[in-house]
Amino acid sequence: MSKTMIHVEKLVKKYGNMTAVNGVEFNVGAGEVFGLLGPNGAGKTTTIEMLVGLRKPDSGTATLSGFDIRKQINKVKEVIGIQLQSTSLFELLTVHEIMQMYASFYPNHVSIPELIDEMLLTEKKKDRIKALSGGQKQRLAIALAIIHDPAIIFLDEPTTGLDPQARRTLWDIIESLKAKGKTIVLSTHYMDEAHVLCDRIGIMDQGNLIALDTPSRLVKELQSDSAIEFTLHADEDDTFIHHLQRVTQVTRRQEWYVVYTDDLQVTLIGLIQHSQEKNLKLQDLQTRTATLEDVFIHMTGRSLRE
Ligand code: ADP
């Protein structure tokens, strides 16, 4: 195990009667990409905001690079870089101007041309911020977050609202930060993103950390390799589905079914035979491998996208 860079101990944050973060605990090792995955309102942003000193925890604490967020927040701020969803930039400055301005806040900073290059903004360096695309603005926000070369980087939903191409570009950038040995905490509600980028993932729901492991082990714990999806008329008797061989779980929303199995072929043959015998009309039949989304549905009975 590499050196622990982030140690989080029973963090709690309440807003009135509502507990936004309920005793969250985790550790992040040096050079690790740690993901907080969960639907909107799960408590991801509040957790990050407490870790970076923007909100005071009601109880619990954390250390970042050995510095306590309750007692040494100024030290903490020296070792972290933060890109928050709400980052607003000075629209009339150019890319180069805003980088120079941010660099001037710190006694030491990285080379601005190199950073602009790394963030794939070289062609845009003389453009005003307001002329940048969503993806370019997001890359600029990351550049500004890391201009003082912090060891730990927080990215709050860095790809929300971006098109697929811009998301991929940002994934490459996050990979390159990891390759440089940075420790990264990112929040997302995209399971594919969490799966691709993160070494380990904490799944959050309603303020609780309900699972924490590597993406592949989380999916494996489902004990399902595959999912079979189909629609079946709501009035049909569906009890047989639960009794098909090798089925591990069945979820249903109106006429939509998802059947999880650890032996796709056996379950699929059983399903088709049974529906033929009973003259049931299966529609929109598809099979796929189980994903982190399925892990979330399995644990909460709800979808990440709700
Ligand atoms: P996420 O980042 O996972 O979407 P948040 O941390 O933003 O979740 O929010 C967690 C919960 O706390 C939500 O129910 C949200 O409405 C609530 N919340 C967040 N900020 C405040 C605030 N300043 N005052 C009251 N409730 C808040």
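**Close-up 1. The ring pair of Phe230 and Tyr257 in the predicted model.** The ring centres of Phe230 and Tyr257 are 5.4 Å apart and their planes meet at 10°, which is under the 30 degrees required, so the pair is classed as stacked.

**Close-up 2. The ring pair of Phe26 and Phe34.** The count of aromatic pairs in this model comes to 3. In one of them, the rings of Phe26 and Phe34 have centres separated by 4.5 Å and planes at 15°, so that this pair, too, is stacked. Phe26 counts as buried because its relative accessibility is 4%, below the 20% limit, while Phe34, at 0% relative accessibility, is likewise buried.

**Close-up 3. The hairpin formed by strands E9 and E10.** Strand E9 (residues 200-205) pairs with strand E10 (residues 208-213) in the antiparallel sense, over 5 bridges. Ile203 has Ala211 in E10 as its bridge partner. Between the two strands lie 2 residues, and Gln206, which is in the turn, has a positive phi of about 50°.

**Close-up 4. Arg167 and the ring of Tyr190.** Arg167 is placed over the face of Tyr190, at a distance of 4.0 Å from the ring centre.

Key
Residues numbered from 1 in each chain as written. Predicted model: local features only at pLDDT ≥ 70, side-chain atom pairs only at ≥ 80, totals over all residues. Heavy atoms only, no water. Pairing = 2+ DSSP bridges. Helix = DSSP H or I, 4+ residues; strand = E, 2+ residues; numbered from the N terminus. Phe/Tyr/Trp six-rings, centres within 6.5 Å; stacked < 30°, edge-to-face > 60°. Buried < 20%, exposed > 50% of the residue type's maximum accessible area, 1.4 Å probe, protein only. Lys NZ or Arg CZ within 6 Å of the ring centre and 35° of its normal.
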